[in-house]
Structures are given as C-alpha cells and as structure tokens.
Amino acid sequence: MGVLRETLSRVRHLSRRQTFDSELDEEIRFHVECRAGELEQSGMARHDALAQAKREFGSAVRAREQTRSEWQFPWLEDLVADLRYAARALRRNPAFASASITCLALGIGANTTIFSLSAEFLFSEPSCRDPQSLVRVWIGGSSAAPMREYRFIRDAGIFEGVAGENEESEVNWQRQDGSERLYSVRMTDDYFSVVGLTVAAGRPIEPGENDRVVLTHRFWQRSMGGDPNIIGRSMILDGRPYVVAGVLPADHRTVTGFGFSPDLYVPVSSEEAEVTLYARLPRGMTRQIARSRLVAACEELDRTHPTGNQRWAEGVGVFAISGIDRISGDEMFMPIAAFFAMLMIVVGLVLLIACANVASMLLARASGRGQELAVRLSIGASRGRIIRQLLTETLLLALCGTSAGLVLNLVLTSFISHIRLPLPIPLQLVIRPDWRLLAYSIGVVTVCTFVTGLMPAIKGTREAISATLKQEERQAGRSRWTVRNALVVAQLAVSVVLLSTGLIFTRNLVQASTMSPGFDIQRTIWAYMRLVPEAYTTPQKTRTVVDRALDELRRIPGIEAASIVHRVPLNGHLTTGGQVRADNGLPPVHLNFNNNYVGPDYFKVMEIPILQGREFLASDRPGALPVAILNENMAVRIFGQANPVGHTLQIGDRPPITIAGVASNSKYFTLGEENALAYYEPYTQLAPPDADLNFLVRAVGNPDVLLPEINRILTRIDSTAAIETRPMHDAMSLALLPSRVGAAILGSAGLLGLALAAIGLYGVLAYAVSRRIREIGLRVALGASPGRVLRLVLSQSLIVVSTGMGIGLAIALYAVQPLAAFLSPAVRPTDAINFALVGAVLGLVALGATAAPALRALSVAPSVALRHE
Amino acid sequence: MGKERSTPELLPGTLYMLVLRTLSRGPLHGYAIAKRVREASGQSLVIEDGSLYPALNRMLIKGWLKAEWGISENNRKARFYRLTPEGRKQLDKEAAEFDRLVRSIQLVMRTA
C-alpha cells in the first residue's frame, strides 16, 4: 500500500509547510558551511571557501523548489493555480463569462430538472425499511387478494411478514358542513410494522388498532392547517370514529411509487375488502425461491379452501418494489419509460446546443488570445500544459453554469412538486436534491467541460503555434471558419429537430383543446357524490337516493335536465369485449367497446344527438323489456346501413337485448381515440349499484352559479356523502393532460433550443462581421453601396443557415415519426406545415442575427473602419 | 548539466541505493552522506548536491527514511537521516537487482 502511505505522509506534510521551508533552508546552509569548513582546513581563505562551497552546491533555490515539490500533490496545485488564473481571465471578460454561464445554466437547468423528474418518477425509493427485501405479491393472476386468502398467505410461514393494502380506496370525511372525499390507503393492521413506515409525529398504527389513522404530511398541512395538537383527535370517516395516531414525514413516498400521494392510511374495515399483498423476504431468500414456495402454498390453498373457478396457484408473482427491477418487471411501464427517455434525449439536445454556443465563443476567444498563447508557448510552456489550462477555464465555466443550473433545477423541481395533476388518483412527486442528482451533475460538468472546451483548446493552441508572434491576422483563416460554421450548422440542425417536436405537441394541444368531444361541455355540470358503502347495504337504498336526488335536481330553477351515469366520459372508462351476435343472420363478431350505464335524459343533458329510435326512459327499469343504445360506429359495425332499432343483440352469454336507439359518436376514453364503439344500457341495469354516483346536469345559462345549490341539495339528501361539483369544461383536464404535459415540456425545450441557437448564430455572425470591419470599410470607401455589402454578409450566413436547416429538416422528418404514438390522429407528425413553420421561424431568427451586426458594420465610418485593429 | 566533471555520472536509478547503503551503518546528515559516497568510491562517484535533498525527501515520503534533528560532530544543529525497516528491505531489494544486472552485463561483455 505504498501509494496510500505516500499520500498520508503528503497530507501530514500540509500542516508542517511553514517549518518545512525554514528547516530546509537551514539544512542547505549547514551543508554548504560543512563543505566550506573542509575547504578552509585545506588552506583556502574563509571568504573564498564559502564562495567555492556555494558554487559546488549549485542553485540552492532550485534544490529547494525541487525538494518542496516532492511533497506536493503536483496536479492539485496546478489545478488550483489554473483555476485562479481562469477566474482572473473570466473576470477580465465579464460579457463572455456571463453569456457562457447563462447558456450553460439554461441547458443544465433544463437537463437536470428532467433528470430529477424522471429519476423520481421511475426510480424513487419508497420510504420504508429496507426496500430491497420488500416484495409485491400476486396470487391467482390478480394484484389484489381477498382477506381470507391474505390471512392464509400470512400464516403460511414463507415470509417474515405479509401485509395488505388497497391504495385505490376512498373515504368520506364527515365535518360540520358536509363531507369531503379523501384518498385513503386501506391497510391491514400489521402494515406499518411489516413495511416499516416511520412517522414524523405520534406513532404508527399497531396490530389490533382498527380505529387509528395516520395522516400524510400534505393532508395534515392542507386540511388541518398543520395543527400541532392533531395527535389523538378524532375523525369521522365513512360514518365511523377514528383517532389520529400519527403524521407521516413530509418526504414520505408510498410503496406504490410514481408519486402516488394519498391523504391518509386507514385500517381495512370490511371483510369484503381486497388487498394488494406486500411481503418481507427472510434474509437470503431470493424472489425466485419465494415464488416457488408461494406456488406450493397456493396449491394447498386451492385444495383446502376452493373458491369457485379461481385457481390461486396460477399467476403467482413476486415483484420488486424499487429500482430497475420494478420497471423491467412490468410491461405497463415501458411506454412511460419510453416517454421519459424521449424527454431526456430532448433536454440532452438542448444541452448540446448550449455547449456548442459556449464552444464557439471559446473558439472566437482563443483566436483573439493567439498572442497570449504564443507568448506562453515560446517561453517554454508545453502545449499539453496550455491545453490543460484552457480546459480548466472551461471547467470553471462548467462549474459556474452547473451551479446556476442547479439553482434553476431547485426552483423548477419545487414548482413541479407542488403541481397536483388532474388525475383520478392523487399524484404528487416529492423531488428533492439527492445523491443521484449530485452524481449526474458531476457527470454533466465533466461532459460539458470536454464537449465545450477540448476542441477550442486544441485548435487554439495549434493556431498559436503556427501564428507564433506574428501580427494578428487580419483575414479570417479558412480552417477556423469551417469549425465555427460547422458548430452553427449543428446547432441549427438540432434546434430544427427540437422545434419540430415542440411545435407538433403544441399543435396537438391546440387541436385537443378545440376538439369537440362529441358532447357539450359548456352548460353541463358534473356532480359527484360518494356514498358511504357500509351505509348502503341494499341496492334499493342506493336507488332511492338516486331517484330522490334526480327529482330534486330537476326542480332547481335554471336546470333543464338531470341524469346519472356510471362513468363520466373522458374521466374513466369501462371497456368490455366479447362475441356479439345480432339477429340479422350475420356471423357473430368479436368486438371491444366502451360499456356505460346511463340514466334517462343522459343524451339530452350531454347534447349527444339520438340518430335513430329513442333514448332511455324512466320506464326502462328492471323487469321491463331489456334495451340498449349503440353509438353510430357500433351500429354500422354490426348492422351496416340497416336500421338496428328493434333488432336484438346477444353479447357473450348475456341474455338477448333489444336495440332501442342509435346515438351519435362521441369521445369516451381519450380525445385521441378514433372510431371507438360504445354500448349503453339503462343505469338501473347496473348491478350491484355503485357507491360513487355521477350526476350530470344541464344548465339553462351559466353553469357556475348553480354549483352551490346543487351541493346544498345533495348534502341535504345524505350529509355523510362526499360531494364534488364542477362544470364539465373543468373536468376536461384529464383528457387534455398528455397533450398539455407534452406541449409544456417539449414546447419550452424547443423554444429554449431556438433561443440558444439564435444566440449562437448571432455570436458567430457578429464575430465574423467584426473581423471584416476593415474590409467592409475598404469596400465602402471604394464605393460599394450598403446594399452590396449587406448582400455579401447575408450570403455568407445564408450558406450556413440553409445547410443547418436542410440537415435539421432531414433528421426531423425521421425523428418525429415515433411521436405519433403520443398524438391525436388529427395531428400528423410529418405534416409539411410543421416543417414550413419551423423553417420560417428559424429563417427569421437567422435574418435578425445576421442583419444586426451587418448594419452595425455599415454604420462605422470608413475612416474609422480602415484603422480598425 | 554543462559543468565539466572528471568523475562519471551516477548510473541512473542508483542514487537511492547508494544513499540507503550509506545509511545502513547508522544515521548521518546530508553532507556526511554525500561525503561518504564520494570517499567510499575513491572520489569517483559524486552526488550532485542539488539532487541529494530532493532524493532524501522522496525517500522520506516513501517511508524508507526517518529524519530527526541532532547535533553534528562539529557541534552544530543538523538533520540526521536514519534507515527504517522498510528502507532496509528496499536496500536489499535494490542491491540484489543491481547485482543481477551487473552480472548479466558482465556476462554479455565477456561472452558475446
């Protein structure tokens, strides 16, 4: 371990540097005097002896320097000296320094923000004890198991502990002025101990405590105002009293991941509940072993507790809950991972543009510094040493840029952490700076330093060698032009690609926002009412509430019609598939279609035209002739051009049903869908009735003024029910979300790329023109008209700009094609208009960037220009 | 460099070995090391004074030597260098390697 010992003795030396120098001096003096003493004894005069001894020793300074440098970390001291020199150089040129740092900061800010977002979304570690040994367990091919099966697995002795939770559950929180729907996680009472969740205040829920709840930090802040005395308070949830046991920390991340952020954890209260199983692997047990033991246990379960046709031993899975295994273990995540990969590529390109900007500024600077470099080379600095010094300058720039970029990152991520996405389940990411961001930033600094600095440093020193101490060139050398122009060409090409993607997503957003979903959203109101399931044990109880609510809603002045629906379009869907056999003699077809249950007047409220037949009536109740309504697509698919009204259909092994009408096509699940089939049945056919009631109301005028009255009426019917009422146009956010996210991120990345490329283009052209001021002055003095000079400058930039745009458009044509998966079909990624627009925008920017320096050059008087150095 | 010398230059890489060998008989200060090398070689090997102290410090860093202040034979304060066990091991190693090298060279010179 020689290296270690050497390093240690060098480090120890750092503290003795002062005494070391004086001791070394003394030692050398002693050496010289000893020699002088000897010479004196051989008969030399004292004075001559000393001089002779000194001569023999040689340069004491050099010996001292060499001895001292033995103890130093040479590269470190060089680096410190280089950094100091670089800092001085940057301070001398603040315009250059601030421009490059800003470019890098914008690029790095965008890049690291998307990195933080992706890392948090895809690879967040749940806030539980030892996530590596916690696994998610599937039995019978299902993500959820009934309570009886849960207990069987728990007691089978395979795992150190098994807990269950249902994250898609809701509870009504009853307060004085009505009830509020909360997003809860229903968990088995051993959940906190098996998963190992820690609380910030109070204590976790312990086995046997079925009346305790634990709040999340966000919910405690939002709805309790961060009340410090919350522990021990009671809450009425779904009509039952609970006591607050604890509050989770602010950075709590659920085992579900993906930013899922419930309001509170509540113990399972019903035997009917189904829970997702989480198990703690015993030390040393792999997921494979656990799975095979679990299969054996499930076979035992199937033998001893048979459940109809359900075979629990089939579809057994043991999955990781964190890291790369979680992503690769589930096909569902692949498109999400692909989306984030695309974002990373986009911001990677933005960063490349920023680096290219700084590189071209450095190139300009290196040629301006030719003289300085030449002097240093000629007095003995090696070329490698100067390249290292120039790279250190870039390193300093990259460090400053990254620091500023990280500040931007913190601002943006804290903003993102506060966005609550309009999804049916609450998602909120907790993005905090962590070791991953640190490691990534170090990587970014390194890459930026080399990408930005290496080429200018090598080129700069080469030129300095050739141009040694000659007069600085007046005519711009050809080779330098090629490199800098190539940089601009590359920047333009990349920004064409970025702008194209950004524009496509922006057009997609415009398209989606203005697209008619096929039903009215201006005067429709969606009133959501969640009944406490335990209080509605019979279907009749629910039906009574529905009928009473519809009755009272219809009587509100200003309301034209009211109805009820099982799934609100574009806010949740139910797809069914099956063999559809019609009575028209044609062979049965297999169809996948949206299956909804709607009340009377639904089509009237939604303003979906009935094309043939009739809509559902109050008389379509259980016991009457079963009827259904098809949308146009489905009617045509089954009956062709024939009128289907009065015909019967049989879907799978359901009883035959008569077609009562055909409704116009509309959007059901996404705005992007096309030719979707839809099949409606009367709401009363829904069995068993849902505890989630979705009323739809049609206002005569402005829907907003009716919201309080609707809330009041529904609350009066059942004060334990949670009510959420909003105009239908507000409820479109979910449908618009993918387009909005895509447009926001890619649109801003495209604009950022354009801005950076424009700065780069301007910088290069302005520099080019400034190098030619003398030439321009000469031309003007010899009688060239301003128009001619302008044409000369413009033609130069035209070549660069058109090459860059040509290459960019060619790449973009291929690069945007995979985007179609994320777009609505009306927006075709390869639409010529997109590219024409991008070309026009970039062309305008290029014209501005060229014309400004050219005009400035023209405004310089020829007499001044000719003397311009 | 540039200085006229009648003595041969030290073989590269042998400086450490010579210093270590000189110190194997007991601690010495820098000047005494140089002097002993010169005398023991019959004035034919001279350590350039300028290169002695960097070499001594290099060996201090490597842990082959220890240095402490003491009183010289002419009653002056001087820095004495002493061999450490690692230094002794290094000396044996370098001496053995050097022997082998010299023997091989001699073999070639006689037979080839």
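Colleague: How many bridges join strand 1 of chain B to strand 3 of chain B, and in which sense do they run?

Modeller: Two bridges, antiparallel. Strand 1 of chain B covers residues 28-29.

Colleague: And strand 2 of chain B with strand 3 of chain B?

Modeller: Strand 2, residues 65-71, pairs with strand 3 of chain B over seven bridges, again in the antiparallel sense. One of the pairs is B:W69 with B:R79 of strand 3.

Colleague: What sits between strand 2 and strand 3 of chain B?

Modeller: Five residues; the two strands form a hairpin. In the turn, B:N75 has a positive phi of about 60°.

Colleague: What pLDDT does chain B average?

Modeller: The average is 83, and 88% of the residues of chain B score at least 70. Residues 1-7 of chain B are below 50. That stretch has three contacts in the model beyond near neighbours in sequence. Where pLDDT is low, the predicted coordinates should not be read in detail.

Colleague: Switching to the complex. What ipTM does the predictor give?

Modeller: An ipTM of 0.85, with a pTM of 0.72.

Colleague: How many residues are in contact across the two chains?

Modeller: 22 from chain A and 16 from chain B. On the chain A side, helix 1 (2-14), helix 2 (17-41), helix 3 (46-57) and helix 4 (60-71) each supply at least two residues. Helix 2 of chain A gives the largest share, seven residues.

Colleague: What does the domain assignment of chain A give?

Modeller: Domain 1 (2-72), domain 2 (76-122 + 331-473), domain 3 (131-321) and domain 4 (524-730). The C-alpha centres of domain 1 and domain 2 of chain A are separated by 45 Å.

Colleague: Last topic, the cores. Which residues touch the most other members of the largest nonpolar core?

Modeller: A:L104, A:V350 and A:A354, in a core of 97 residues. Helix 12 (333-368) of chain A contributes the largest share, 18 residues. A second, separate core has 57 residues, including A:Y597 and A:L696.

Methods. Residues are numbered from 1 along each chain as its sequence is written. Chains are lettered from A and ligands numbered from 1 in the order in which they are written. This is a predicted model: local features need pLDDT of at least 70, side-chain atom pairs count only at pLDDT 80 or more; totals for chains, interfaces and linings use all residues. A nonpolar core is a set of buried Ala, Val, Leu, Ile, Met, Phe, Trp, Tyr and Cys residues joined through C-beta atoms within 7 Å. A residue is buried if 20 or more other C-beta atoms lie within 10 Å of its own, exposed if 12 or fewer, and partly exposed in between; C-beta atoms are placed from the backbone. Helices (H or I, at least four residues) and strands (E, at least two) are DSSP runs, numbered from the N terminus. pLDDT is the predictor's confidence in each residue, from 0 to 100. Two residues are in contact if their C-beta atoms, placed from the backbone, lie within 7 Å. Domain bounds come from an automatic or database domain assignment. Two strands pair if DSSP finds at least two bridges between them.
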